[in-house]
Amino acid sequence: MYLFGASGHGKVIKEILNANGVKVEAFVDDNPNVNECGGRPVLHDATGLSPMIVSIGVNRIRKMIVERLKANNPAIEFKSAIHPSAVISPSAKIGEGTVVMAGAVINADAVIGNHCIVNTGATVDHDCMVEDYCHVAPGVHISGGTHVGEGTWVGVGSSVIQCLNIGKNCMIGAGSVVVKDVPDNVTAFGCPAKVIKIISK
């Protein structure tokens, strides 16, 4: 197993993999000045390396790296990593490249897309859909039947009521309480959450 992104986030993923009995051979990173991370060597060329998890917390950069790796190696395999303490319903679906951190709960018939992060202590309830490249930050609670669009970041400690639609490429500010639908490409913040900024595409 290889991790692309020599970062604190990468160290957490390494420890999740280790807890599952999976050895991380090395990290990969574009920064030539970084040569060690989490006690593992850091390589600077991903050619031929597989399987891989992209261990970068920022959604748009994670997507960019995944697409670059696929373009350079169409046969690359992406793996998921789920902490042993996470509670995952047998009917939930977890996409490739997705990481689920310690204490997270994903309930019945929830679908988590590819290359997502469900961070420490976050909960995603029944029948939710979290699309590709999302980040559900630590301590977030998303109630049942909610749809979260691709590339959206739900900030630390936020709560989302049931059966909402949060658009793609959104930023939900930390500690927000989302009680109505959020359109695509916006920053929303507050209690209740309100749109405060349009994000340029």
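In this predicted model, six strands make up an open sheet whose order is β7-β10-β13-β16-β19-β22, and the pairing within that sheet is parallel. The edge positions are taken by β7 (87-88) and β22 (177-178), each of which has a single partner strand, so that one side of each is left without a neighbour in the sheet.

**Within the parallel sheet**
- Strand β16, covering residues 141-142, runs parallel to strand β19, covering residues 159-160, and two bridges join them.
- Across this pairing, Ser-159 in β19 is the residue that stands opposite His-141.

- Strand β23 (residues 186-190) pairs with strand β24 (residues 193-198) in the antiparallel sense, and the pairing extends over five bridges.
- Ala-188 has Val-195, a residue of β24, as its bridge partner.

- When the whole structure is searched for disulfides, the number found is zero.
- Cys-191 takes part in no disulfide, and the nearest cysteine sulfur, which belongs to Cys-170, is 18 Å away, whereas a disulfide would require the two sulfur atoms to be within 2.5 Å.
- Cys-191 counts as exposed because its relative accessibility is 65%, and the cut-off for that class is over 50%.
- Cys-37, by contrast, is buried, since its relative accessible area is 5%, where the class requires a value under 20%.

Note on methods: Residues numbered from 1 in each chain as written. Predicted model: local features only at pLDDT ≥ 70, side-chain atom pairs only at ≥ 80, totals over all residues. Heavy atoms only, no water. Buried < 20%, exposed > 50% of the residue type's maximum accessible area, 1.4 Å probe, protein only. Pairing = 2+ DSSP bridges. Helix = DSSP H or I, 4+ residues; strand = E, 2+ residues; numbered from the N terminus.
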